[in-house]
Amino acid sequence: MAEKKTKYVYFFGSGKAEGTAQMKELLGGKGANLADMTSIGLPVPPGFTISTEACAYYSSHEGAYPQGLREQVLENLAKLETLMGAKLGDNENPLLVSVRSGAAQSMPGMMDTILNLGLNPTSVKALIAKTNNERFAWDSYRRFMQMFGDVVMGVPHHEFESALQDVKDSKGKSLDTELDSKDLQEVIARYQRLYKRYTGEEFPVDPIDQLFKSINAVFKSWNNERANKYRQMNDIRGLLGTAVNIQSMVFGNMGDTSGTGVAFTRDPSTGENQFYGEYLMNAQGEDVVAGIRTPEPIETLRAVNADVYDQLVGIRSILEKHYKDMQDIEFTIQEGKLYMLQTRNGKRTIFSWLRSQVEMVEEGLIDKETAIARVPAGEFGKLFAPILDAKYIRDNGLNEVTRGLNASPGGACGQIYFTADKAEEMAALGKDVILVRAETSPEDIGGMAVAKGVVTCRGGMTSHAAVVARGMGCPCVSGAGDIHINEAKKTLEVNGTNLSEGDYMSIDGFTGAVYGTKIPVRSSEIVQVLNGHMKESESNLFYNYKTFMAYVQEVKRLGVYTNADTPHDTEMAVAFGAEGIGLCRTEHMFFGGNRIMSIRKMILANNLIAREKALSELLPMQRGDFEAIFLALEGRPATIRLLDPPLHEFLPNDHTSRHELALQMGLTVEEVAQKSSALHEFNPMLGFRGCRLAIIYPEILRMQVRAIIEAAINVKRKGVDVLPEIMIPLVGNYKEFVFCKKHALEVIEKIFNEQGMKVHYKIGTMIEVPRAAITADEIAREAEFFSFGTNDLTQMTCGFSRDDAASFLGPYVNDTDKQFYDYDPFATIDIDGVGKLVDMAAKLGRSTNPEIKLGICGEHGGDPKTIAFCDKVGLDYVSCSPFRVPIARLAAAQASIAAKKAK
Ligand code: PEP
Ligand code: MG
């Protein structure tokens, strides 16, 4: 039987396509949607897509093709030629094609594109004859040479730009469009020389040769540095490679009735339900995206060509109904006829995500679960990002120096730098940086990633700067054309204001305003409403947030608690939707006011009586703190952890403080220093800390338990419910827990008798020591809850110091030859190692105590990937810092939806 041939090439054209929208893994997002748009009858220029499998083969076989690929490309090319009635690069009736990359997940601008392929010195003449447009044909040829030279053969882009500039200068012309056919032929002659100088070869004339070289270049671009960096930054993993789309060319640069544009079916910045886009007449795609000419807003297209505009508006609604999400489209108008070149789900700001999804639910386009599943939890925190202080601007009569486009929202203030490298250097020194560039290119992403804000002088809402900054959640003002940068002098001039490198600038990415001065940035609207500084009715953002969080609340299973140690943090967390406190680190309460003195006295005490005296000073302070926290919680549970850190952390290191302490305690400075050094440990994280403190000094535990229970009774007397949960840290052996619990129970019984009143309470432990996880069944016989302290559990399981691992963990995670861990194990739980212990401990715990309450309170509790894991292993709640509570709620809801789908 003949072996079944692998299909690597998929054709689309004339209303029929071999691919479908579901084939994104194989055909890339662009290829799958070109096929899909063709099938639903939209005007798509015909072509074919080479699968990502072919790219994967090419990458893993040193640039060799899989068997049959070349033949399939040629067969599909022949099919395309027949359909178009033209032949690639023909001397009489030439077909020209574009060659574009397109992976399963979009990576805008990261990989390569070649347009107008098929031109050579003879086919260009045929194109002139066919189109009767000499200038257009020569312009297409020079663009092709430039793209092919740069992308395929690595001739530096700026060399082409400077050759073009030389010709413009010599002709006294400033715009590309002013060059006539003769000028363009001169440019081409220069390009030919340039190409030969760099490659040692003549520019290829054989169209098939051009085609395969271009296909190879696209395959190779999958592994170029910027594509790798982009995938790393955006956590894009597990893809085979890029597909290659070969499509018959349509021309936006055929004169004034032609043009090209990009549009979003809703506003990518705010999410507003309005058609939003830009176009340029007499231009090709790269002119819009590269930000070389500033494009026109889409509404003005109606005046240029009402039919095309109406057709586009119709397509906008067809696409939204078809894909049920906001689309990002590319189109070209060739001599008054519209063609669709791409559609994909639009990248957008988190503000736009929120609004578009809430409105789509309200419009009946999608259901709530779809909305929840789509909004990126990793981005959600940006909703609470700061904005420029409007009152400060008003009060100080500050005026903007200029206004560009509001390309990416958020307020930012920092010192200006003009190159990405300098921005990275200064950010590493801890400075807040605003990166100011004429325009940005993919090489600048490192600088953009560290910048507080980005400003460009050229380019529109879809320029590289705008797209990338939005993706990063970095405030950006683009196309601020009044800014003139002098790169050599490291200065800029804008409407009479001069600024130098290092001067302050503030930008408002919501409006596009630029200020040549320092302006404080303050809380987001949501935070202001929650704090009572703004009326709910004044904020549309708050409405969307509140509506969306109501959907989230309906769906999620996991509880979301917070790590908080002050009433203020507790109130903020409750406003964000926290359902309790999962970790109150009591030691944080010891640093305020003169409490530190009392704890120091306790540490320095030489006997029980002196220690109890110091503890009795602390008791009312702790009790007061707990009362305030219980009040803020209004009946929600509060897990309060007993003293955890090694005691030396509370003693002063500097001479003045030691002196002061010695005076207060009637000791000598030497005695204080001596005690400090006696407490010194080589491995404090594995030393005298956690429950070990309570075991050696039970009076500390007894004071803290008394403070908790008395506070609870006092608050209950005020008519407010309380649910204290006393948590013993760093237990490794159930006997440690039993010892501590016995002391706690004694104190509690005593207080109940003293007060003649009881409260509900729980006593449980943290699981932070691997031994505790391994023997969780024994501990669970005694404990009413476990809270996984995954910071210490990670430290002790992986053997990585929490405080010192940064020097090697970066490379462990990021270096392409290492990647031993998928993510920083202190940020995202190491599922295969630490996660296995958590899963095991949860099962063991439930095996002896089916009622046991299980949660996580390490830093991982606010990380969406960890939250998905916690949902899967059946924990009851996660606990995280107040500002991560909404993120955790969303991630918990997404986990529930994923779990439902998996069933
Ligand atoms: C932990 O170890 O995960 C934890 C929450 O405790 P801490 O960070 O205070 O050690
Ligand atoms: Mg810990």
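**Largest cavity.** I began with the lining of the largest cavity in this predicted model, whose residues divide into eight nonpolar, two polar and no charged; here Ala, Val, Leu, Ile, Met, Phe, Trp, Tyr, Cys and Pro count as nonpolar, Asp, Glu, Lys and Arg as charged, and the others, Gly among them, as polar. Helices (H or I, at least four residues) and strands (E, at least two) are DSSP runs, numbered from the N terminus. The space in this cavity is about 50 Å³, and a search of the whole structure finds two cavities of 30 Å³ or more.

**Terms for cavities and pockets.** On a 1 Å grid over the protein atoms alone, a cavity is a set of points where a 1.4 Å probe fits but cannot get out, whereas a pocket is an open set with protein on both sides within 12 Å along at least five of seven lines, and lining residues have an atom within 4 Å of a point. Grid points are joined across faces, edges and corners, and a volume is the space filled by probe spheres set on the points.

**Second largest pocket.** I read a volume of about 510 Å³ for this pocket and 23 lining residues, of which F351, I387, F510, E525 and L541 lie nearest its centre. Two or more lining residues come from each of α13 (350-362), β14 (387-388), α19 (525-530) and α20 (540-555), with α20 giving the most, three. The pocket lies between domain 1 (252-367) and domain 2 (387-526), because both give residues to its lining; the bounds come from an automatic or database domain assignment. I also noted 26 Å between the centres of these two domains, taken over C-alpha atoms.

**Magnesium ion.** I found ligand 2 coordinated by E768 (OE) and D792 (OD), at 2.0 Å, where donors are N, O and S atoms within 2.8 Å of the metal (3.2 Å for Na, K and Ca) and water is not among the atoms, so sites may look incomplete. E768 sits in the loop between β31 (762-767) and α29 (770-774), and D792 in helix α31 (residues 790-799), 24 residues apart.

**Conventions.** Residues are numbered from 1 along each chain as its sequence is written, and chains are lettered from A and ligands numbered from 1 in the order in which they are written. Local features need pLDDT of at least 70 and side-chain atom pairs count only at pLDDT 80 or more, while totals for chains, interfaces and linings use all residues, and side-chain values use heavy atoms, with hydrogens and water left out.
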